[in-house]
Amino acid sequence: MRRLRKLLKLEMDVELLSCAHAVSMICFYGIVMWIAGERNVRILVLFEMMALGYVSAWTQRALFLREQVYSRTEYAVCEVLWNVMPAVFVPAVAEVFGWFRGTPDWAALTFYLLMGGYYVLVWLFLRFVNYEETVKMNRQLRRRKEKGQKKGKEQT
Amino acid sequence: MKLTAEQIVSGEDEIIVKYREMTPELSALIHLLKQGMPVVTGREEGRQYRIAPGEIYYFESVDERTFAYTREHTLQVAMTLAEAEERLEKYGFFRCNKSMVLNLNRIDSVKNELGSRINAALDNGEHVIISRHYARRFRELLRGGEEDA
């Protein structure tokens with residue numbers, strides 16, 4: 001039961017990220033296709049994008065599943081993979097399922113670049129959030145220790 | 001009875017009881033001091049050690065055995081992680097991942113990492129991961145310190 005609850009929490013995390021990925025993909029794809037003169041988008045493409053968003057989110061999550069300390073190099077490699085892997089998945093899946101069949105080459109290229117940029121932006125955003133949280137937690141830790149020392153002095 | 005408390009810059013905390021004659025009152029006080037100071041017993045290379053919880057950095061479960069790590073020793077202790085967590089919670093011990101119980105007072109600094117993990121740097125230079133699952137409890141512990149301050 002505990003394991004199931006843990007898995008569900010993890011799944012919720014992944015799905016939140018996967019929704020962000022899918023919505024971004026659909027938006028960028030819609031805009032690029034609209035500029036390229038396409039007025040209709042196949043519903044199957046949207047489902048494929050949702051599935052890709054989910055796979056990408058799980059891949060990113062899986063990189064940091066280990067409950068052990070990562071060396072500086074390992075962490076850096078995982079961060080690079082966090083950005084690169086989904087950015088590689090996008091053109092691969094787009095080519096396999098023909099998302100840009102019958103459209104000019106620039107449309108596909110623009111979409112891939114936009115998605116690559118999007119993953120980097122999400123990573124930068126998460127880095128910023130983590131930095132803010134780190135500062136806050138260290139402040140709280142310091143206060144807790146000061147409080148403990150004060151308490152010790154009062155007892156003597 | 002004269003009571004003196006002195007702050008020292010370095011060295012180990014120490015209580016010295018000076019008496020001319022051991023009275024029941026003093027005996028009770030010494031007993032209380034000994035009782036009030038919980039001790040963790042563990043074995044290393046056939047020798048038994050008694051250590052104060054404050055000296056322990058963390059407990060780790062390896063192959064269904066529990067070890068307590070201090071600056072100098074790695075002691076095998078006769079309790080489970082759940083027992084260690086329960087018995088020593090008031091001394092700042094908390095579960096940080098599925099195989100470790102960490103002493104919060106031994107954490108020097110923390111860093112939030114991708115995947116909602118927290119990398120805790122201990123004051124002996126070691127690093128320990130507080131997993132996403134236990135990070136929430138850790139944040140609550142920290143918040144408690146801030147609210148009371």
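Biologist: What should I know before I start?

Modeller: This is a predicted model, where local features need pLDDT of at least 70, side-chain atom pairs count only at pLDDT 80 or more, and totals for chains, interfaces and linings use all residues. Residues are numbered from 1 along each chain as its sequence is written, while chains are lettered from A and ligands numbered from 1 in the order in which they are written.

Biologist: What span should helix α2 of chain A have?

Modeller: Helices (H or I, at least four residues) and strands (E, at least two) are DSSP runs, numbered from the N terminus. The expected span of a helix is 1.5 Å times one less than its number of residues. Helix α2(A) covers residues 43–62, so its 20 residues should span 28 Å. Its end C-alpha atoms lie 29 Å apart, which agrees.

Biologist: Which residues of α2(A) are buried?

Modeller: A residue is buried if 20 or more other C-beta atoms lie within 10 Å of its own, exposed if 12 or fewer, and partly exposed in between; C-beta atoms are placed from the backbone. The buried ones are A:Met49, A:Leu52, A:Gly53, A:Ser56, A:Ala57, A:Gln60 and A:Arg61.

Biologist: How many residues of chain A are in contact with chain B?

Modeller: Two residues are in contact if their C-beta atoms, placed from the backbone, lie within 7 Å. Here 22 residues of chain A are in contact with 25 residues of chain B. On the chain A side, α3 and α4 (105–155) each supply at least two residues. The largest share, 12 residues, comes from α4(A).

Biologist: What is the strand order of the open sheet in chain B?

Modeller: Strands of a sheet pair through backbone hydrogen bonds, either parallel or antiparallel. Two strands pair if DSSP finds at least two bridges between them. The order of this three-stranded sheet is β8-β9-β10, with antiparallel pairing. β8 (107–113) and β10 (127–130) of chain B each have a single partner strand, so one side of each is left without a neighbour in the sheet.

Biologist: How many bridges join β8(B) and β9(B)?

Modeller: Six. B:Ile107 has B:Leu122 as its bridge partner, and B:Ser109 stands opposite B:Ala121. Three residues separate the two strands in a hairpin, and B:Gly115 in the turn has a positive phi of about 85 degrees.
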